[in-house]
Every structure is written in C-alpha cells, then in structure tokens.
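This briefing covers helix packing, nonpolar cores and a few individual residues of one model. The sequence and structure come first, and the points follow by topic.

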Amino acid sequence: MNAASPLTIAVLGTGLMGAPIARNLQKHGFAVRAWNRTASKAQALTADGVQACSSPEDAVHKADIILTMLNDGSSVQEAMQAAAPALNRGAIWLQLSTVGLESITALESLSKQLGLVFYDAPVQGTRQPAEAAQLVILASGPLAQRDAVQPVFDAIGKRTLWVSEQVGASSRLKLALNNWAFALTHGLAESLALAKGLGVDPNLVVDVVSGGPMDSGYFQAKSAAILADNYATSFSIINAAKDARLVVDAAAMVGVQLDAAQAGLWRFERALENGHGDKDMAASYLA
C-alpha cells in the first residue's frame, strides 16, 4: 500500500465491533467502504471518512480485501452471496465473525466458489478493545497472502496469533476462549448474587478478591458494572447466548461433556427470556 493508491477494504457489518474496526482501518490509511443491514449504522461512519454503501455488492466493488463482522454464519453467507457479482476474483476475504464449526466450513467452501483467498480470523475482545485497536486476532489461512493481511490486522489489534495454515483452527480456538469468558462471567454474577441473597454486601466479595490471585481486569470491569447496575453493552446477552450455543454444539460434535457450559447457556437464555437481550452479558447477574 502507498499514499497514492491505498488498498480498498470493504467492511460488511458495522455493529458494536465492525464500526470501530472500520474507523481504525480508515485512520491507518486504508480506503474503507462499509455496509450494514441497518443503513444508519454504516452512514454514521461517513464523518470518519468511511464510505457508506447501500448494499454488499456496492461495498465490495473494486475492493482488494473484504472483511466480514456479522452476527452469525448465515448472515455472513447471505451478505457474501449478495456481494458475489461485484467481487474481484483473487481478492482476500478476512472472516472475523464468530460462526462455529459448521459455518466456517461452509464459508470456506463459498470462498472457493467465489475465487477468494480466505482467512479464518475471529477476534478476542469486545467493544472497548475494538475501539482502542487492542483486539487479539486469531488467524488461520494460507501463508502466501499473510504479508498482505498483516497490516490490516495491525491496524485493528495489538497482537496477531497465527494459529494454523488450515482454515477452521482459529474458529475452534475462539470457541474455547469464549467458553472461558462465559465461565468467568457466570461465576462472578452468581457469586455476587449469592452474597446478596445471603445478606452479605456484594462489595465485600470484590474487596476480598481485589489485588489477590483471583483478581483480573475482567473481574474488576464486570463486577463494577453489576454493582452499579450499569449494563451498557460491550458484548450483548443475545450474542453471548448465540456463542454459548456454538460452544455447546461444538462440544457435542467432538464428544466432550461441558456441564458448566450447558448450564451457562441456560442462564444466558433465561436472561434473554426475561428481556435482557440487549444488555451486556454481565446481566447474567439478572438471570
């Protein structure tokens, strides 16, 4: 890439994660074209120099790289099929959404049909790390184009972990990492709820853990949110329930029994049923 002719990147999906990713790419000198099903979300990026597009086909026109950050595998597939007529054969597709085992296989197959170079690259991190370009990218894909995609990853993240040359390895790793994040979330939520139920100030749980071996930035952030009754969304209950289902389904496919993961899924689903879907997953506390 050079100043005279920057690489063009199409970002399909500009929600909580996709919007800051598009902004950071634009800041790093890429020419960014964005599409979102809710057009106003893409339009909001124009103030940052991003070109808002009315359709996936419009967004990918003459794009060197296509980046997908949508809710699930079916949404990604639908968007890419809509974009198909305008795709450049040989363009690079960076698939950052968390889609699970079956969908990543289907998307890789679609990439071959479309003549694209495909990278399975889900990210570790939520809205705040995305805004600060501090995501961890879990990347798998062919060696040949890694030099071309690394500057893209560097623009949106603090670290890229190259997991494998085989597509799907990163999606499998992401499920294991999400399972850990969900376990931390539920463990904290239930501990604070138990303290309250027993007539103990939940703040005392935080006080005892703080500064000790069980402390972490995650513990501090989520406990502060729960104690303040502030569930501003970093990662929503809706998405947490979706990803928890992907974890449970993947475990069943490989014969691994995940008792805590199944219980955690039920807890997210209960929070969803109680009307907390748009809240941060710390709202597990409300389940």
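Helix H9 (residues 202-209) packs against helix H10 (residues 217-227) at an angle of about 165 degrees, with the axes 11 Å apart. The two helices are therefore roughly antiparallel, where angles under 35 degrees count as roughly parallel, over 145 as roughly antiparallel, 65 to 115 as roughly perpendicular and the rest as oblique. The model is a predicted one, in which local features need pLDDT of at least 70 and side-chain atom pairs count only at pLDDT 80 or more, while totals for chains, interfaces and linings use all residues. Residues are numbered from 1 along each chain as its sequence is written, and side-chain values use heavy atoms, with hydrogens and water left out.

- Helices (H or I, at least four residues) and strands (E, at least two) are DSSP runs, numbered from the N terminus.
- Axes are lines fitted to C-alpha atoms, for helices over the stretch in contact, and angles run from 0 to 180 degrees between N-to-C directions.
- H9 passes H10 in a left-handed crossing; a crossing is left-handed if the near helix is turned anticlockwise from the far one by less than a right angle, and right-handed if clockwise.
- On the H9 side, Pro202, Asn203, Val205, Val206 and Val209 meet Phe219, Gln220, Ser223 and Leu227 of H10, where contact means heavy atoms within 4.5 Å.
- The residues of this contact of H9 with H10 comprise 6 nonpolar, 3 polar and no charged. Ala, Val, Leu, Ile, Met, Phe, Trp, Tyr, Cys and Pro count as nonpolar, Asp, Glu, Lys and Arg as charged, and the others, Gly among them, as polar.
- Helix H8 (residues 169-197) packs with H9 at about 130 degrees, the axes being 7 Å apart. H8 and H9 are therefore oblique to each other.
- Leu192, Ala195 and Lys196 of H8 meet Pro202, Val205 and Val206 of H9. The contact of H8 with H9 has 5 nonpolar residues, no polar ones and 1 charged.

- Of the 10 residues of H1, 7 are buried, so H1 is largely enclosed by the rest of the structure. Buried means under 20% relative accessible area, exposed over 50%, and partly exposed in between (1.4 Å probe, protein chains only).
- The buried residues of H1 are Gly18, Ala19, Pro20, Ile21, Ala22, Asn24 and Leu25, and they pack against E1, E2, E4, helix H6 (127-131), E8 and H7.
- The axes of H1 and H7 come within 8 Å and cross at roughly 115 degrees. That angle makes H1 roughly perpendicular to H7, and the crossing is right-handed.
- Ile21, Asn24 and Leu25 in H1 meet Val152, Ala155 and Ile156 in H7. By class, the contact of H1 with H7 has 5 nonpolar residues, 1 polar and no charged.
- Just after H1, Gly29 takes a positive phi of about 95 degrees.

**Nonpolar cores**

- The largest nonpolar core has 30 residues, and those with the most contacts inside it are Ile9, Ile21, Leu25, Leu67, Leu94, Leu96 and Ile137. A nonpolar core is a set of buried Ala, Val, Leu, Ile, Met, Phe, Trp, Tyr and Cys residues joined through side-chain atoms within 4.5 Å.
- Two or more residues of this core come from each of strand E1 (8-12), helix H1 (18-27), strand E2 (31-35), strand E4 (65-68), strand E5 (92-95), strand E8 (135-140) and helix H7 (146-156). H7 gives the largest share, 5 residues.
- A second, separate core of 28 residues includes Phe182, Leu188, Phe235 and Ala250.
- Apart from neighbours within four places in sequence, Ile137 is in contact with Ala121, Pro122, Val123, Phe153, Ile156, Gly157, Arg159, Thr160 and Leu161.

**Individual residues**

- Lys62 is not a glycine, yet has a positive phi of about 60 degrees. Lys62 sits in the loop between helix H3 (56-60) and E4 and counts as exposed at 59% relative accessibility.
- Ala133, also not a glycine, has a positive phi of about 55 degrees. Ala133 lies in the loop between H6 and E8 and, at 14% relative accessibility, counts as buried.
- Ala287 is found in the segment after helix H12 (259-273) and counts as partly exposed at 24% relative accessibility.
- The C-alpha atoms of Ala287 and Asn274 are separated by 7.5 Å, with the two residues 13 apart along the chain.
- Leaving aside neighbours within four places in sequence, Ala287 is in contact with Arg267, Arg270 and Ala271.
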